Amino acid sequence: MSTIAWLFDGLLVAALLYLAWSLLSEQDLFKAVVLFIAFGLLMALSWTRLQAPDIALAEAVISAGLSGVLLLDAVGYVQGEKRPASTQSEAVKARRIEPVRTGLNLLALLFCAALIWAVLDLPPLDSGLSSIVQAQMGSAGVTSQITAVLLNFRGYDTLLEVAVLVLAAIGCLTLREADQSAAAAHLREPGMQVLDGMIQLVIPVMLLVSGYLLWAGEHAPGGAFQTGAMLGAAGFLLLLGNRMHFQQIPGWLLRISASLGLSIFLLVAGGIAISGRSLLEYPVSNAGKLIVLLETAISISIGSILIILFAANPPSASSPTIDQATPSEDTTEIGSK
Amino acid sequence: MSQVTLYTLTGVILFFMGLRAFLLYAHLVRKILAFNVMGSGIFLLLVGIASRVPGAAPDPVPHALVLTGIVVSVSFTAFGLVLLRRIYAKTGKAHITTEMEDTDAQ
């Protein structure tokens, strides 16, 4: 058993390193992004090997699925024109700064060596914070340790993270509104029957899965991030399949749902602070209810923020390169489910 | 050396590959890809460090941090790509040249 496990881990690690190397050195950006998606899927597999199913779920949906779609769209947008000019200029630049390249390579190598030394030099037995977390689980309000850490013990991190997401969405919306012409050009022609049929089959399942993940987060792998990512992925699919148009979603609805998580989080934090406790120190009796409320609000927010981020990166219908790229995006989306 | 160490070291090497590509490539899409690979390396490193005690359940705090990190990295990627589109729309270039140094800082 142990030999097989070693063999599997060895192969997985080798494949990860190979994919990372080839995606970074690949000349064709489209291929590089496809390799990146494969890399994300193998990362998800690695997380399960490292007993981190929560991260595996998030990685499979986000890195392999959502980031992949966004990157493919961007590659299509950028590759539309002047690709030869760009590579040539890169080559010219590369020749000019050869000494700098060597220096930077050496610096990165040195840093890498120092990190490897640090990793191998770590004290072998240290339970870290897990004993503290275990001791406090009784007052957490949930039985899943990860959820307890995310929304109770380290609620600060999650609060700030949701704030970062809202900021990213505001940034994207601002830049997008300045560029309406590109946003208006992305509507695809209807009539892709396979895609239409698949959307009808997959969307209800995705909604069901996201509901399950939200519920499961209390005691098992799952929770707000995975639910939000799944909702976002469903939105991506609807937008890609032309079932939903970003322009048709009322702006107030989008703004409210995107800021819901942060607003409720701040209200809860403020309410607790006013009642004389420290910020985000939930009363033990109500901790479970508060966490469920926060998780629901954060899920909805993450889902709508991801839709905003996607809509701010519209697939533009102007160049033929993009037409080749779009079917693959749909496949990615399915795969990430 | 345990299997966890294997993944931790892989994380370090991934970080190195990403860092190198991030510094050396001028194309902005490549920089964003490299940034994501760097992130994956750091996440592997963190989770590897979290499960150093053999047989025991892994430390949940780094796991939660990594989960947060993955969601932040997708928002970073999306925002970076929006900026890239604006740069491309304004200048017709998707890579860094000397007159675009300011854009590089973002």
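Residues are numbered from 1 along each chain as its sequence is written, while chains are lettered from A and ligands numbered from 1 in the order in which they are written. Because the model is predicted, local features require a pLDDT of at least 70 and side-chain atom pairs count only at pLDDT 80 or more, whereas totals for chains, interfaces and linings use all residues.

Chain A contains 14 helices and 0 strands, where helices (H or I, at least four residues) and strands (E, at least two) are DSSP runs numbered from the N terminus. Of its 337 residues, 41% count as buried; a residue is buried if 20 or more other C-beta atoms lie within 10 Å of its own, exposed if 12 or fewer, and partly exposed in between, with C-beta atoms placed from the backbone. Among contacts in chain A between residues at least 6 apart in sequence, 77% join residues at least 24 apart, two residues being in contact if their C-beta atoms, placed from the backbone, lie within 7 Å.

The contact between the chains draws 76 residues from chain A and 66 residues from chain B. On the side of chain A that touches chain B, the largest share, 14 residues, is supplied by helix α3 (residues 53-79) of chain A. By class, this side of chain A comprises 49 nonpolar, 14 polar and 13 charged residues (Ala, Val, Leu, Ile, Met, Phe, Trp, Tyr, Cys and Pro count as nonpolar, Asp, Glu, Lys and Arg as charged, and the others, Gly among them, as polar).

Helix α2 (residues 29-49) of chain A packs against helix α2 (residues 28-50) of chain B at an angle of about 10°, with the axes 11 Å apart; axes are lines fitted to C-alpha atoms, for helices over the stretch in contact, and angles run from 0 to 180 degrees between N-to-C directions. The two helices are therefore roughly parallel to each other, a term that covers angles under 35 degrees. Leu29(A), Ala32(A), Phe36(A), Met43(A) and Ser46(A) of α2(A) meet Val29(B), Leu33(B), Asn36(B), Ser40(B) and Leu44(B) of α2(B), and this contact has 7 nonpolar, 3 polar and no charged residues.

The largest nonpolar core holds 126 residues, of which Ala58(A), Leu66(A), Ala229(A), Leu309(A) and Val29(B) touch the most other members; such a core is a set of buried Ala, Val, Leu, Ile, Met, Phe, Trp, Tyr and Cys residues joined through C-beta atoms within 7 Å. The helix α3(A) gives the most to this core, with 17 residues. Not counting residues up to four places away in sequence, Val29(B) touches Leu29(A), Leu71(A), Ala74(A), Val75(A) and Val78(A), together with Leu84(B) and Ala94(B).

The predictor gives the complex an ipTM of 0.89 and a pTM of 0.83. The mean pLDDT (the predictor's confidence in each residue, from 0 to 100) is 81 for chain A, with 82% of its residues reaching 70 or more. In chain A the pLDDT is below 50 over residues 317-337, a stretch that has 45 contacts in the model beyond near neighbours in sequence. For chain B the mean pLDDT is 84, and 90% of its residues reach 70 or more; among its elements, helix α4 (residues 101-104) has the lowest mean pLDDT (42) and α2(B) the highest (92). Where pLDDT is low, the predicted coordinates should not be read in detail.

Notes. Parallel < 35°, antiparallel > 145°, perpendicular 65-115°, else oblique.
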